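Here is a structure to look at, followed by some questions on how its features are named.

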Amino acid sequence: MLKLKKLTLRNWGYIRKADLEFPESGLVLVVGNNSVATGGKFQSIGAGKTLIGEAISRAMAGVNGRFTSLGWYANEQEGSKNMLVNVLADVDGKALNVSMGYKCPELSRTGEGFKFTFDGKEVHRAKIDATRQELYDLLKISPELAEWSVFLDGDKLSFSSLSEKRAVELLMTA
């Protein structure tokens, strides 16, 4: 069982720096207030709620969210992207730390970087896809199921719009 513990964001979208801790039990409700984005008409629009969900979903399951390139989420700051998403979690009583970044010294100074540490063992392969596959195997989740179960995009909720092959693959995976 996967249990989120903490999310750290740096230069992720409009979020310059944030450390969010998740409670041991209960519901996490993310609310926002941004009266600037809509002139005060819709105060919750543009407050960063979706960015938090996208950070977790992309780091843990490789779900793209609104942008296919990780660099689009990076907030330009003093000429350096230096974007980092770090998720601390617990999987069956063992610590999991997933780090994803863009032009950040911890992972990759030139582009996208991704690594995870599970139960004290670091996994950081030469190719991000290989590291991601090992995380999928650890979490026992397929990329197809991750897309539906982690970050629900309203534009993708129409199951009937999937091709027959894709619908069967998703059903069989679930």
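Q: What makes β4 and β5 a hairpin, and how many residues lie between them?
A: Three residues separate β4 from β5 in this hairpin. The model is a predicted one, in which local features need pLDDT of at least 70, side-chain atom pairs count only at pLDDT 80 or more, and totals for chains, interfaces and linings use all residues. Residues are numbered from 1 along each chain as its sequence is written, and side-chain values use heavy atoms, with hydrogens and water left out.

Q: Why are β4 and β5 called paired strands?
A: Two strands pair if DSSP finds at least two bridges between them. Strand β4 (residues 94–104) and strand β5 (residues 108–118) are joined by eight bridges, so they pair, and they run antiparallel. In this pairing, Val 98 stands opposite Phe 116 in β5.

Q: How do you know that β5 also pairs with β6?
A: Three bridges link β5 to strand β6 (residues 121–123), in the antiparallel sense, and therefore the pair meets the requirement. Phe 118 stands opposite Lys 121 in β6. β5 and β6 form a hairpin with two residues between them, and Asp 119 in the turn has a positive phi of about 50°.

Q: What makes a run of residues a helix or a strand here, and how many of each are there?
A: Both are DSSP runs, numbered from the N terminus: helices are H or I with at least four residues, strands are E with at least two. By that rule the protein has four helices and six strands, in the order β-β-α-β-β-β-β-α-α-α.
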